[in-house]
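Here is a short note to read beside the structure. The points are numbered so that each can be checked on its own.

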Amino acid sequence: MGSRFAAITAATALVLGTTAACGAGGASSGAGSGTIHVMVYGDATNKVEKQIAETFNKTSKVKVVLDTVPGADYQQKLQTVINTPQAPDVFFNWGGGSIKPFVKGGLLLPLDAFIAKDPGLKSNFLPTVFNSAVLDGEPYGVPMRGTQPVLLFHNKKVLAEAGLTPPRTWQELVAATKTLKAKGKTPIALGGADQWPTLMWFEYLYDRIGGPGLFQRAVNGDKAAWASGDSRKALATLKELVDSGAFGGNFDSVKFTDGGSPALVARGRAAFELMGSWYYSTQQDANPDFAKSDLGYSGFPTVSGGKGDPADVVGNPNNFYSVLKKTKHPEAAAAFLKLMYTEEFVKAQLAIGNLPTTVNTPNFLSSSASPEYSKYQYELVKAAPSFQLSWDQAYPQSASTQLHTAVQQFFDGKLDADGFIKAMQSLPAS
């Protein structure tokens, strides 16, 4: 997970030309002091969080204190202070597995009461996104920042020269890789050295073949899910693509985080790259001419006979704000969360390239950095029956290294299907 969000942060910082905000972090819960502390992941997008905090403080007697923690230190800092007197009142997270330990520990405040008083805290967000922070039937987070679906990006010029169009089916993708190889191109760029980009291929194939329920059973502790027929079919399908040379021969020495894999696509040496929606900003910064004229994007191909809906997406539905149960100012926390669907919030996020998942976002897409791209993403997420949270976010943070290693070793041929299944079955349940 860390590499991914470092990559996103770096890309955003480059686009904005600003530096990450670094604050004290982890201040007291504000008991009797008229303050609530909001702990956020420190990066260039903190400018919006600061703006919203200032707006809140203009009218509220209880003031928000924004504690920004550098991204590389955020998870560790949160784990350190979450169950201490220095815990924040409200904190940034990724939903899913990232907050499940806190829910199990009884540390978080269910938001049902907030929503009962203001139904807009739920109804103003896309359901597939809001539900990513619902655990055991209870909501524990309100979306903030923007959605990050994973898309299949391509070089329009490379495809056109090969007589190809973006693949709609898996068969078309496989056929395209053969055509591209024959023309001396690497069909699919992959930053395998970062490991997490490789994981995206597993996430989509497991969804397309087994449906979202397959992974959900696995992450909930059903070890049989990993050994199921659908799981083995997904692994066999992926292995066939890897063995065909679709990713080239040196993907394990290429990184996304240093711009290596995006450069392969931008320079026409590779045709495709599966990556989160931040890829567009990455290319806009590093290769602006390419981004303007030759960067294309599409959804992940359908798989014949699969149980997953072709409209399903994977990635990071959004980031969330959750509230600690011991906050002394729950009413102020609720009032602060309401700002996450205001016109000011949506416009400010769009202005820095983020795509909020509020139902009123379409009203303001014309003001985004790339209206066409923002509209495509929004409609994709809105129509998705399922938005699967990235596996390394759905599982506890303690599982990330083992998960990433198994993914990389399967791609490298160091683990066969049985070895991969065994590795995944040994992961701690979320």
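1. Leaving out residues up to four places away in sequence, Pro 371 touches Leu 365 and Ser 366. Pro 371 belongs to helix α18, which covers residues 371–383. Its relative accessible area is 36%, so Pro 371 counts as partly exposed. The C-alpha atom of Pro 371 is separated by 9.4 Å from that of Leu 350, and the two residues are 21 apart along the chain.

2. The model is predicted. This should be kept in mind for every value below.

3. Next, the chain as a whole. The protein chain contains 21 helices and 13 strands. Along the principal axes, its C-alpha trace spans about 70 × 50 × 35 Å. A compact globule with 430 residues would have a radius of gyration near 22 Å, and the 21 Å of this chain agrees with that.

4. How much of the chain is buried? Of the 430 residues, 59% are buried. Contacts across the sequence can be described too: among those between residues at least 6 apart, 78% join residues at least 24 apart.

5. The largest nonpolar core has 140 residues, and within it Trp 201 and Phe 202 touch the most other members. Helix α10 (residues 196–210) gives this core its largest share, nine residues.

6. Which residues are in contact with Trp 201, leaving aside its neighbours within four places in sequence? Among them are Leu 152, Trp 170, Leu 173, Ile 188 and Leu 190. Further along the chain, the list includes Leu 238, Leu 241, Phe 247, Leu 274, Phe 300 and Phe 411.

7. Aromatic rings come next. The structure holds 39 aromatic pairs. In one of them, the ring centres of Trp 196 and Phe 256 are 5.8 Å apart and the planes lie at 70°, so the pair is edge-to-face. This pair links distant parts of the chain, with Trp 196 in helix α10 and Phe 256 in the loop between α12 and α13, 60 residues apart. Trp 196 has a relative accessible area of 0% and is therefore buried. Phe 256, at 4%, also counts as buried.

8. A second ring pair has another geometry to check. The ring centres of Phe 202 and Phe 420 are 5.2 Å apart with planes at 25°, so this pair is stacked. The pair also links distant parts of the chain: Phe 202 is in helix α10 and Phe 420 in helix α21, 218 residues apart. Both residues are buried.

9. The count of salt bridges is nine. One of them joins the side chains of Arg 232 and Asp 418, at 2.9 Å from N to O. Here too distant parts of the chain are linked, because Arg 232 lies in helix α12 (residues 229–243) and Asp 418 in helix α21 (residues 417–425), 186 residues apart. Arg 232 is partly exposed at 35% relative accessibility, and Asp 418 is partly exposed at 46%.

10. Helix α17 (residues 343–351) holds both Glu 343 and Lys 347, four residues apart, about one turn of the helix. These two form a salt bridge, with the closest N and O atoms 2.8 Å apart. Glu 343 has a relative accessible area of 42% and is partly exposed. Lys 347 is also partly exposed, at 38%. Elsewhere, salt bridges that share partners join Asp 43, Glu 49 and Arg 145 into one network.

Conventions. Residues are numbered from 1 along each chain as its sequence is written. This is a predicted model: local features need pLDDT of at least 70, side-chain atom pairs count only at pLDDT 80 or more; totals for chains, interfaces and linings use all residues. Side-chain values use heavy atoms; hydrogens and water are left out. A nonpolar core is a set of buried Ala, Val, Leu, Ile, Met, Phe, Trp, Tyr and Cys residues joined through side-chain atoms within 4.5 Å. Buried means under 20% relative accessible area, exposed over 50%, partly exposed in between (1.4 Å probe, protein chains only). Helices (H or I, at least four residues) and strands (E, at least two) are DSSP runs, numbered from the N terminus. Contact means heavy atoms within 4.5 Å. A salt bridge is a side-chain nitrogen of Lys or Arg within 4 Å of a carboxyl oxygen of Asp or Glu. Rings of Phe, Tyr and Trp (its six-membered ring) pair if their centres lie within 6.5 Å; planes under 30 degrees apart count as stacked, over 60 as edge-to-face and the rest as tilted. The radius of gyration is taken over C-alpha atoms; the globule rule is 2.2 Å times the number of residues to the power 0.38.
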